[in-house]
Amino acid sequence: CYNLGIDLFLFNLPYLAAKRGIAMNFDFHATEYSEIGIDLKSKEFEHDHTPILSDCDCPCCKNFTKSYIYHLLEVHEMLSGTLLVQHNIRHIKGTSNHFA
């Protein structure tokens with residue numbers, strides 16, 4: 001990261017995003033984007049039966065849908081945070097592999 005000009009490392013970003021109901025979906029190679037992920041607390045995901053990211057191989061994306069995560073967030077179930085942290089860590093790990 002330092003070689004890329006990043007001098008601040010926020011290691012708890014996956015947790016902080018998950019705590020707010022955010023599933024990361026950013027692309028390091030995008031030239032413009034305004035957010036780091038999708039807000040699964042949004043009512044638009046109540047009936048969305050697709051995974052967070054179709055090409056993600058994390059346990060959350062492989063086994064659960066946006067609507068299920070939305071439900072877990074609505075009822076304040078601890079599993080929602082666990083699944084989102086798993087997804088967010090996997091997304092950062094998978095995305096960062098593009099730098100070599």
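1. Is histidine 87 buried or exposed? Histidine 87 is buried, at a relative accessible area of 0% (buried is under 20%, exposed over 50% and partly exposed in between, with a 1.4 Å probe and protein chains only). This is a predicted model, in which local features need pLDDT of at least 70 and side-chain atom pairs count only at pLDDT 80 or more, while totals for chains, interfaces and linings use all residues. Residues are numbered from 1 along each chain as its sequence is written, and side-chain values use heavy atoms, without hydrogens or water.

2. Histidine 87 sits in helix 4, residues 78–96 (helices are DSSP runs of H or I with at least four residues, strands are E runs of at least two, and both are numbered from the N terminus). Beyond its neighbours within four places in sequence, histidine 87 has contacts that include Cys56, Cys58, Cys60 and Cys61 (contact means heavy atoms within 4.5 Å).

3. There are 3 salt bridges in the structure (a side-chain nitrogen of Lys or Arg within 4 Å of a carboxyl oxygen of Asp or Glu). One of them joins arginine 90 to aspartate 57, with 2.7 Å between the closest N and O atoms. Arginine 90 belongs to helix 4 and aspartate 57 to the loop between strand 2 and helix 2, so this pair ties together parts 33 residues apart in sequence.

4. Lysine 66 forms a salt bridge with aspartate 48, at 3.4 Å between the closest N and O atoms, and both residues are buried.

5. Lysine 43 and glutamate 46 also meet in a salt bridge, at 2.9 Å from N to O; lysine 43 is exposed at 56%, whereas glutamate 46 is partly exposed at 29%.
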